[in-house]
Amino acid sequence: MNDAHPEPIVNADSEVYWSAAKEGRLVLQKCRDCGHLDFMPRHVCPKCWSEAKEWQDADGAGTVHSFSIVHRAPLPAFRDDVPYVVALIDLAEGPRMMTNIIGDNALDVAIGDAVTLCFEDRGEARVPQFRLTD
Amino acid sequence: MSEMSLRNKIAIVGVGESDIGKVPHMTGLGLNAQAAKRALDQTGLKPSDVDGLLTAYSMTEPYFMLGSVLCEYLGLKPTFNASLVSGGASPAVMLKHAAEAIVSGQAEVVLCCAGENRATGQSRDQAVAALVAVGHPYFEQPYGASIPSFYAMITRRHMHEYGTTREQLAQMAVTTRDHAVRHPNAHMTKPITLDDVINSKPIADPLNILDCCLISDAGGAYIVTSAERAKDLQSDPIYLHGIGEYHTHEHLMCAESLTEFGAVESGRRAYDMAGLGPEDMDFAELYDCFTVVPMIEMEELGLCARGEAGALVEAGDTRIDGRMPVNTHGGMLSHAHAGAAGGLFGIIEAVRQLRGGEGERQVAKHDVALVHNEGGILSSHCTMILGREMR
């Protein structure tokens, strides 16, 4: 993956998420009222609409729920990377997120594989990524 | 308003499609207008009779307030007008909104239309790049995820959980193409084989280009009015028996499952309104942006059990002469796909098949049709049941 990849867009919902990523942490939002743990940052809990949210660190382990090997990049920034892996990961804590699987053996990925969090530098920002667990 | 109140209250009285394929001499608005004129001409109604218009959105000609823009282009001054943005589900959702407007007295004759010049109004790279916007801008797009890659992940999960095979997926494309070959206005009419699909250019593994819908210039339109008023028109009315929506997510990362989606619930609502079940359907026009999608819809809408769609397709059940013909016009895989119009051609085809007389494309039993549109990444669902007799 190269540094021409787009930097993440930070907004009010995701400011904490991307600040944490810059420090090498993947954070999840937890509802203080019902305990629901969620990946996608948002103002209210999608289960109970509570506005009382807190952030917790994910430990960085996950399994591959599904994946695709992209041969036709949707944007010029990814054209030099084909074939590359886009995957949905089930984090050990429960929530699901999208990621690339990166690393020399990424194309060997299979559903159910264990993956480990890593980070890709993009300008000033860092983007959570995953590698196949050794 | 209870959905029950819509049963058999309205009818589709005219359908039309524009010239389809590469139509560089026409704009997106022009394609809509041509389809609308062809639909209206069937009915004997005049443009001034149209007092409602529903449309969707356009990416090649990104007008703000597309509904008003189309009314202006067509010289209409309606009392009911909206632009719906439910992605591919929009054409079916339009019928529900049109029905509600007619039953509640907001309009008498509603034109529903959609279409874009996606093949020639933009470059192929622009078309692919514009569709990136369907992915979540902050948590999916940064990973270079394409729409085919989303559906590829769904496909791979279906293969993993149910043993659906590459050949079964390819057969969906082959059967659908075989139907398009019999359609006088389809975009792609060259027969294809399993090997053609399996050896076609890889896009997002396991999907190849022949597993993916077309990028066409195409517009589609249908005219809706009350069942009462339909009696006075020159065209054969096709009645709405049941319709239902269900919306579960937008982005794939937020979908609760990659194999179970909202068509179960939209279908249940449509069946309940109609007082009919899957066993009463004579044929089905399903959304087929990628080969796995109509197979999932067959399962969700009860045309077969979970995981059995692949075997059904392989056995030839979905052919025009099969037990449950699917996508008799060639679907979005082979007939046409242009923005929100893709699913509209399924509605048009259902009306044509129900009326009968489609020659070598005509299904044998054509009393009741099942139509499903989906938008996003199997996010927004709308199912309708249409028939040629009030029942």
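This report describes the sheets, domains and chain contact of a predicted model.

## Model confidence

The structure is a predicted model, and the predictor assigns the complex an ipTM of 0.97 and a pTM of 0.97. In chain B the pLDDT averages 96, and 99% of the residues score at least 70.

## Domains of chain B

Chain B is divided into two parts: domain 1 comprises 3–122 + 216–238, and domain 2 comprises 135–213 + 241–387. Taken over C-alpha atoms, the centres of domain 1 and domain 2 of chain B are separated by 22 Å.

Between these domains, 36 residues of domain 1 of chain B are in contact with 39 residues of domain 2 of chain B. On the side of domain 1 that touches domain 2, the elements of chain B giving two or more residues are β1, α3 (90–103), β4 and β7. The largest share of that side comes from α3(B), with six residues. By class, the side of domain 1 of chain B that touches domain 2 of chain B consists of 17 nonpolar, 11 polar and eight charged residues.

## The nine-stranded sheet of chain B

In chain B, nine strands form an open sheet with mixed pairing, in the order β3-β2-β4-β7-β1-β8-β11-β10-β9. Its edge strands are β3 (80–83) and β9 (283–285) of chain B, each of which pairs on one side only. From one strand to the next, the twist averages 25°.

Two helices of chain B can be described against this sheet. Helix α1 (residues 28–43) of chain B packs on the sheet and touches β1 (10–17), β4 (109–117) and β7 (217–226) of chain B; the direction of α1 makes about 40° with that of β7(B). Helix α13 (residues 344–355) of chain B also packs on the sheet, where it touches β1, β4, β7, β8 (238–247), β9, β10 and β11 (380–387) of chain B. The direction of α13(B) makes about 175° with that of β10(B).

## Strand β10 and its partners

Strand β10 (residues 368–375) of chain B pairs with β9(B) in the parallel sense over three bridges. Within this pairing, Ala284(B) stands opposite Leu370(B), and Glu285(B) stands opposite Val371(B). The pairing of β10(B) with β11(B) is antiparallel and extends over eight bridges. Here Gly375(B) stands opposite Ser380(B) in β11(B). The hairpin of β10(B) and β11(B) has four residues between the strands, and in this hairpin Gly376(B) takes a positive phi near 75°.

In a regular strand, side chains alternate between the two faces of the sheet. Both faces of β10(B) are covered. On one side, Val368(B), Leu370(B), His372(B) and Glu374(B) are all buried, as are Ala369(B), Val371(B), Asn373(B) and Gly375(B) on the other. Eight of the eight residues of β10(B) are thus buried, so this strand is largely enclosed by the rest of the structure.

## The sheet of chain A

Chain A contains an open sheet of three strands, ordered β2-β1-β3, with antiparallel pairing. The strands β2 (37–38) and β3 (53–57) of chain A stand at the edges; each has a single partner strand, so one side of each is left without a neighbour in the sheet.

Strand β1 (residues 27–31) of chain A pairs with β2(A) in the antiparallel sense over two bridges. In this pairing, Gln29(A) stands opposite Asp38(A) in β2(A).

## Contact between chains A and B

The contact takes 26 residues from chain B and 29 residues from chain A. On the side of chain B that touches chain A, the elements giving two or more residues are α4 (124–131), α5 (147–162) and β5 (202–205) of chain B. Of these, α5(B) gives the most, with seven residues. The residues of the side of chain B that touches chain A divide into 18 nonpolar, four polar and four charged.

Strand pairing also links the two chains: two bridges join strand β4 (residues 61–70) of chain A to β5(B), and these strands run antiparallel. Ile69(A) stands opposite Asp205(B) in β5(B).

Notes:
Residues numbered from 1 in each chain as written. Chains lettered and ligands numbered in written order. Predicted model: local features only at pLDDT ≥ 70, side-chain atom pairs only at ≥ 80, totals over all residues. Pairing = 2+ DSSP bridges. Axes fitted to C-alpha atoms, helices over the stretch in contact; angles between N-to-C directions. Contact = placed C-beta atoms within 7 Å. Buried ≥ 20, exposed ≤ 12 C-beta atoms within 10 Å, placed from the backbone. pLDDT = per-residue confidence, 0-100. Nonpolar A, V, L, I, M, F, W, Y, C, P; charged D, E, K, R; others polar. Domains from an automatic or database assignment.
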